Amino acid sequence: MAYAVVISLKQTLELLLDSTRSKLQISSSKLQPIYEDLCYLKSFFDKINSLEDSNSVEELERDIKDVLQNTRDLIESHLSDLIHAAGVGSSTSGFSQKLVEVKVELSPFIDTLKAKENKLTGNQQLHTDVDVDVPVSVSSIIDHEIVGLEDEVEMLRQRLLDPDSGLKVICIVGMAGIGKTTLAKEVCKDTYIEDKFELRLVVTIGEDYQLKELLLAILSQVLKASEVKKEETVHELGNRLKASLSRRTYLVVLDDLWDMGAWNQLHPYFPDEGNGSRIVFTTRMTNVDRVVHRKYIFQKRLLSDQESWELFCKTAFSDKCPSELEEIGKTIARNMGGLPLALVEIGKHVSKCPTTVDCWMEAVLNMNSLIRKTTIPKVVNAELPHHLKACLFYLGLFHPNHDIPTSQLIKLWVAEGFIDPEADQNLEQIAEEYLEELVSRGLVMVHERSYTGRIKTCGMIHKLVRDICVTQSQQQKIFHIVNKGSTTTNQRRLSIQSDVLLGGMAVSRVRSLVFMCAEHQDPFLVFEGVRWLRVLHALPIRFREFPREVLKLVRLRYLAITFEGELPSSISRLLNLEVLIIFSRQAICSPVFLPLEIWKLEKLRHLHCMGFDLPVPSTEHGDDLYFTNLLTLSGVSFRTCCDIVLARIPKLTKLGIRFDPALHGVEISCSAALFSDLHQFDSFKCAVTNPSRVAFSLEGFPSGLKKLTLGRCGFLWDEHSTIISQLPNLQVLKLRWNAFCGPKWELQDDEYRCLKFLVLEELDIKELIAEPNNFPVLQQLLIRRCYYLQQIPLDMIDILTLKVIEVDDCSISLIQSARRIQEEQVERRNDDLQVRIRSSSLIDLA
């Protein structure tokens with residue numbers, strides 16, 4: 001995939017061309033023309049999705065990618081030589097000549113693409129001038145086999161026939177191929193729906209819709225053909241539609257909505273006559289709750305195993321399944337994961353095979369190959385912008401049954417060079433937007449969100465999506481999964497997912513090594529011949545000491561590694577490091593200081609050093625030891641929280657520490673002066689080890705703190721909780737594992753005026769006494785494994801902002817109080833409050 005290489009190489013050249021950021025001086029006269037070509041390539045790929053016949057550039061794109069890969073090899077090889085030779089002895093003249101050759105090699109591709117862009121743009125313009133082909137009406141929908149929809153048809157029908165007379169919008173949400181359109185069209189044919197709605201209309205939106213075309217498509221189903229005037233303006237057509245729908249009960253299905261733009265443009269032309277008319281739209285987007293009330297969002301489900309088998313049989317066999325093929329057929333159907341599109345597509349394919357056990361077994365063994373021949377990959381990949389493709393495919397290197405931590409995923413995306421920087425946003429913010437876009441397109445599933453709505457963990461929406469991502473990644477060399485017998489020739493990124501040896505494999509061109517295997521002890525050295533490595537994620541590998549070979553990887557941006565002993569001072573050679581994650585189980589028991597040279601890693605943005613502390617620079621070391629780009633710091637002990645250290649991390653936003661009273665003493669104050677230089681600091685997390693008494697004072701936390709997480713601190717409610725309530729900007733408070741002790745938390749004059757998210761987890765509290773004015777803007781209350789707490793104060797029903805109460809593994813009386821609050825809200829006609837009850841016991845408390 002050329003786009004990802006363009007973005008990565010473009011970032012490298014931007015750094016080299018900026019003399020204020022690069023310590024390596026390379027003549028810009030040879031780099032600038034290549035950089036300009038890269039800028040054009042990026043703009044071309046950004047636009048190509050909106051042009052017709054974009055597939056015609058795919059072969060050309062592969063050729064361009066090869067040239068760009070070789071260019072990156074050339075530049076990174078030269079940079080490595082410069083660093084290792086300290087700028088001496090490298091052939092600058094030879095390198096300059098090779099850059100000229102690169103430019104010469106790129107020029108024909110650029111010329112070809114410009115000509116093709118002009119041609120495609122011209123064709124696109126011509127296309128907008130031709131007659132509009134309107135979609136077929138609901139009356140001409142072709143019948144096909146319907147399986148597993150009976151219950152969903154009934155639920156959707158009830159929503160459509162809701163007695164509320166106002167115009168309502170109902171949304172059917174689900175991934176591509178799950179059957180959203182089939183469900184909507186099936187409901188339109190229901191007898192009760194036909195009796196209720198005088199007009200029933202269906203129009204397909206799609207991604208590249210034209211408002212005029214949509215209006216003509218709808219009008220063609222309302223008016224006679226002779227009355228549809230294509231020469232009218234959008235405004236005139238819209239007014240005619242509004243007039244035609246007035247005083248009539250109508251049901252309009254807007255199929256395949258890609259964003260809210262189409263709806264925002266169309267909805268003024270749908271009149272609300274108070275007669276119970278309805279709008280239904282189908283979409284892959286998951287963030288529709290901003291437009292549609294939660295009550296009217298319908299989540300389309302996958303088929304059960306039995307329903308999958310039934311649909312597969314109806315597609316694969318003209319009659320019933322032969323008994324000798326039933327077991328094999330059920331295996332195929334089950335592997336489709338309940339996705340109707342996959343069941344139909346694969347069913348059609350195997351229907352052409354001889355009905356013999358051998359032929360069907362061959363189909364099972366070559367299922368990935370069969371899937372590639374269907375439309376499923378095209379549906380998954382349909383209209384996916386170039387900037388999202390590498391990001392989506394990259395998710396395939398994670399284990400399919402594990403949650404993917406967003407923080408880790410985003411750090412990897414950034415280090416891989418997938419994210420194109422923008423002036424007003426940092427790379428992590430842009431990466432989060434990319435992830436949200438993948439979620440909204442129905443390709444990635446959110447497993448957990450934070451109180452602010454940011455994604456905490458995610459995963460592939462479906463097994464087939466992951467399988468397609470893995471296949472596409474290996475074909476396009478985004479990454480390659482290494483198992484026993486794998487070949488790694490010419491691969492750039494390797495995901496090691498089993499206990500395999502890399503010795504003897506071709507890894508000289510590898511840029512990323514990501515270990516996703518089971519944990520094991522220092523079995524081999526993996527770093528020979530990978531001098532251009534940019535990403536090394538090796539947390540599952542337990543090295544007996546820090547591997548010295550890593551210190552030669554001067555291009556590393558991301559390093560995550562587990563080892564025993566100390567970090568060598570020569571870590572300072574890795575000047576490009578942006579993410580450093582280090583674990584030492586030995587050091588956790590007795591924390592040690594990182595080498596002073598760690599401060600020379602000026603590009604560090606994220607440092608997680610479990611078992612280590614930051615060293616304190618003295619005045620004799622000068623004033624140049626600063627982490628000017630560090631945003632997050634975690635895993636350190638309280639010894640790192642001194643003013644000399646924190647003053648040298650001016651952009652720090654998040655700090656996570658461990659506190660051991662036996663090592664650090666007690667009653668250490670988090671004074672305001674300590675955090676006075678941290679103007680962007682907003683998140684503090686502290687977990688106490690060896691808890692025996694109150695660990696430290698809560699006095700003096702910085703007033704800008706927005707998130708506070710405490711664990712095992714042993715504070716007393718009546719002595720310390722009031723101090724926290726005085727933090728004026730606190731939005732999140734997580735109290736875990738006896739962070740506070742005592743049977744009663746009584747809030748009197750305490751007011752958490754900005755608190756939106758409150759977690760009480762594994763506390764010995766028995767009674768909570770609170771009124772609405774204590775938590776005036778609380779949105780979510782989570783109570784987990786507080787076994788002695790008897791109830792949630794019923795007065796909390798008057799907190800108008802409360803949206804979620806979640807109760808995990810708590811007493812029956814507490815669960816009952818949560819349900820009473822929900823019932824009271826329903827009686828007040830407020831059904832926004834969600835109450836979630838979970839239990840790990842065998843008794844279902846939901």
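**Salt bridges**

This predicted model holds 34 salt bridges. Begin by selecting Lys10 and Asp420, whose side chains meet in a salt bridge with an N to O distance of 3.4 Å. The pair links distant parts of the chain, 410 residues apart. Lys10 belongs to helix H1 (residues 2-17), whereas Asp420 is found in the loop between helix H18 (406-416) and helix H19 (427-440). Are these two residues buried or exposed? Lys10 has a relative accessibility of 9% and therefore counts as buried, because the limit for that class is under 20%. Asp420 is buried as well, with a relative accessible area of 10%.

Next, select Lys463 and Asp467. They form a salt bridge in which the closest N and O atoms are 2.9 Å apart. Both residues lie in helix H20 (residues 463-476); because they are four residues apart there, about one helical turn separates them. Display the surface at this point: Lys463 is exposed, with a relative accessible area of 51%, whereas Asp467 is buried, at 17%.

A further salt bridge joins Lys189 to Glu186, with 3.5 Å between the closest N and O atoms. Here Lys189 counts as partly exposed, at 32% relative accessibility, and Glu186 is also partly exposed, with a relative accessible area of 24%.

To finish this part of the tour, select Arg784, Glu806, Asp808, Arg836 and Arg838 together. These residues are linked in a network of salt bridges.

**Aromatic pairs**

The structure also holds 21 aromatic pairs. How are their planes arranged? The ring centres are 6.4 Å apart and the planes stand at 80 degrees, so the pair is edge-to-face. Tyr394 lies in helix H17 (residues 386-394) and Phe479 in the loop between H20 and strand S9 (480-482), so the pair ties together parts that are 85 residues apart in sequence. Tyr394 and Phe479 are buried.

Now turn to Trp717 and Phe740, an aromatic pair that is stacked, with 4.7 Å from centre to centre and 25 degrees between the planes. This pair links helix H24 (residues 717-725), which contains Trp717, to strand S27 (residues 740-741), which contains Phe740; the two residues are 23 apart in the chain. Both are buried.

**A sheet of five strands**

Switch to the cartoon display and locate the open sheet of five strands, whose order is S2-S3-S4-S1-S5 and whose pairing is parallel. Which strands form its edges? They are strand S2 (199-206) and strand S5 (297-299), each of which pairs on one side only. On average, neighbouring strands of this sheet are turned by 15 degrees against each other, direction ignored.

Strands of a sheet pair through backbone hydrogen bonds. Select S2 together with strand S3 (residues 250-257): the two pair in the parallel sense over seven bridges.

**A nonpolar surface patch**

The last stop is on the surface. Select Val357, Met361 and Leu365, which form a nonpolar patch with about 280 Å² of accessible area together. Leu365 lies in helix H14 (residues 357-365). With a relative accessible area of 67%, Leu365 is exposed.

Note on methods:
Residues are numbered from 1 along each chain as its sequence is written. This is a predicted model: local features need pLDDT of at least 70, side-chain atom pairs count only at pLDDT 80 or more; totals for chains, interfaces and linings use all residues. Side-chain values use heavy atoms; hydrogens and water are left out. Two strands pair if DSSP finds at least two bridges between them. Axes are lines fitted to C-alpha atoms, for helices over the stretch in contact, and angles run from 0 to 180 degrees between N-to-C directions. Patches are made of residues with over 30% relative accessible area and no salt bridge: like charges are joined within 9 Å, nonpolar side chains (Val, Leu, Ile, Met, Phe, Trp, Tyr) within 5 Å. Accessible areas come from the Shrake-Rupley method with a 1.4 Å probe; for residues, only the protein chains shown count as cover. A salt bridge is a side-chain nitrogen of Lys or Arg within 4 Å of a carboxyl oxygen of Asp or Glu. Buried means under 20% relative accessible area, exposed over 50%, partly exposed in between (1.4 Å probe, protein chains only). Rings of Phe, Tyr and Trp (its six-membered ring) pair if their centres lie within 6.5 Å; planes under 30 degrees apart count as stacked, over 60 as edge-to-face and the rest as tilted.
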